[in-house]
Amino acid sequence: MPVRTLTAALIVAAVVAAPGAQSMTRPGAPESFRANGQILGAAGGAATAIHIQIDKYTSDADHAALADALKQGGNEAFVAALRKAPKIGSLKVGNRSVAIHWAREQAQGGGRRIAVATAEPVFFAGAGAVDAKPTAGYDVAVAEFTVDSTGLGKGSMAPAAKVKAGGPTGVEIEDYSGKKIELVTVSRNLPGK
Amino acid sequence: MHVHSACVQRRIARGVTAMIVVWGVAVGHPSAQGKPRKQTAPETFSARLSVGAQEGRGDAYVTIRVDRYTAPKDIDVMEKALKEGGSAAFVVALKRAPIVGHIEAGNKSFSIRWAREKPSDTGRVISLVVDSPVYFVGGGVPGAKSREGFDTAVVQLTMDSSGLGEGRMAAAAKVKPGGATGVDIEAYDAEPVKLTSVKRQIS
């Protein structure tokens, strides 16, 4: 099963970052982003529009609690802690809107790297196949993207994922389909949009 | 990509497809087939499969190979099963019928056990029934409806005399008795699956 470590790097980086690391002169929450999601398979592909609303970013204290839950109790404890965390935004695909319970940003070059997590899956990519594997255990969704100083960027998303402790960074993201959804043409909405 | 509306149970009485099923008996006899046509089995079609909804759009490319069209006696058996035993009996009869072709999507292949063609003013209308579902469109949404009973897939192609056409597909379907024509096709798909750029391959 493919394991993604991109987001893991951010999670770990956020743990070790000093509290002041979140204090940035760049645009911060509340803010929203639009992205076009694309996924390709053996027979074809699919595309969708995604809207991400971030009302505020997760505090260092709340983040530390989540990271500790993962470290101590694995995916199950992490999901439980994530569900208890306050709703701080939403991730919307079509008519389906799922609450964001974790969001972090990190300065990168002249822009930012942003990651969000929901406490329930958004979509099981490929689960419509006749021989699709069980969906149990893939209880969260994780999206990660970068934006430059003008608010444009790209990223990826695991619409149904399992978070595990382990790997080189200490955190592994296993997505259901084994194929990430590419987030292309990510753009930060102008205030009020 | 289809997402949210899969939760909505949608029963589709596809009259045209149902008529094709009924036509099976009528057009199956040699006298009803008219003069021999240049285009018939074995033949292969390529098509682009599209699903569009508010949530997004998905496309795939499929190849449909019809080795031969189903014999009238086999159609009779399946129709009788449907009429007397309902969906379950139809599926049993379908799976006992000879394989007459395949639908290929990516690295997957699905067996066609019902294939009929009917002349139209501009070409042909071809109906195909697969002995298993091809894909549960909308099945990836958390809380998607049950897949139970959607044991087949149904395809209809409308081809012109030059070998070009279009079509539609119930990628997971339940064939039931009822409706005006005696046959109902209930599709699992919350959104219609369209076949565009259908092209008969030159052999």
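Mentor: Two strands are said to pair if DSSP finds at least two bridges between them. The model is a predicted one, and on that criterion strand E2 of chain A (residues 44–54) pairs with E2(B): five bridges join them, and they run antiparallel. One position that illustrates the pairing is Ala46(A), which stands opposite Gly58(B) in E2(B).

The contact between the chains involves 25 residues from chain B and 23 residues from chain A. On the side of chain B that touches chain A, E2(B) gives the largest share, six residues. That side of chain B comprises twelve nonpolar, ten polar and three charged residues. Setting aside residues up to four places away in sequence, Ala42(A) touches Gly106(B) and Asn107(B).

Within chain B, E2(B) also pairs with E1(B), in the antiparallel sense and over eleven bridges. Ser50(B) has Asp59(B) of E2(B) as its bridge partner. E1(B) in turn pairs with strand E9 (residues 193–200) of chain B, again antiparallel, over six bridges; here Val51(B) stands opposite Val193(B). The side chains of E1(B), residues 43–53, alternate between two faces.

Ile64(B) belongs to E2(B), which spans residues 56–66. Ile64(B) counts as buried because it has 28 C-beta neighbours inside 10 Å, and the class requires 20 or more. Apart from residues up to four places away in sequence, Ile64(B) touches Thr44(B), Phe45(B), Ala47(B) and Ile103(B). Between the C-alpha atoms of Ile64(B) and Asp131(B) there are 14 Å in space, for a separation of 67 residues in sequence.

In soluble globular proteins, nonpolar side chains tend to be buried together. The largest nonpolar core in this model has 54 residues, and Val134(B), Ala153(B) and Met169(B) are among those with the most contacts inside it. Helix H3 of chain B (residues 72–96) supplies the largest share of this core, seven residues. Another core, of 53 residues, lies apart from it and includes Ala35(A), Ile114(A), Tyr176(A) and Ile181(A).

Chain A has two helices and nine strands, in the order α-β-β-α-β-β-β-β-β-β-β along the sequence. Of its 193 residues, 44% are buried. Among contacts in chain A with a separation of 6 or more, 62% join residues 24 or more positions apart. Helix H2 of chain A (residues 60–84) has 25 residues, yet its end C-alpha atoms are only 16 Å apart, short of the 36 Å that a straight helix would reach. H2(A) contains a kink of about 145°, centred on Gly73(A). The buried residues of H2(A) include His63(A), Leu66(A), Leu70(A), Phe78(A) and Leu82(A).

How values were computed
Residues are numbered from 1 along each chain as its sequence is written. Chains are lettered from A and ligands numbered from 1 in the order in which they are written. This is a predicted model: local features need pLDDT of at least 70, side-chain atom pairs count only at pLDDT 80 or more; totals for chains, interfaces and linings use all residues. Helices (H or I, at least four residues) and strands (E, at least two) are DSSP runs, numbered from the N terminus. The expected span of a helix is 1.5 Å times one less than its number of residues. The bend at a residue is the angle between axes fitted to the seven residues ending there and the seven starting there. A residue is buried if 20 or more other C-beta atoms lie within 10 Å of its own, exposed if 12 or fewer, and partly exposed in between; C-beta atoms are placed from the backbone. Two residues are in contact if their C-beta atoms, placed from the backbone, lie within 7 Å. A nonpolar core is a set of buried Ala, Val, Leu, Ile, Met, Phe, Trp, Tyr and Cys residues joined through C-beta atoms within 7 Å. Ala, Val, Leu, Ile, Met, Phe, Trp, Tyr, Cys and Pro count as nonpolar, Asp, Glu, Lys and Arg as charged, and the others, Gly among them, as polar.
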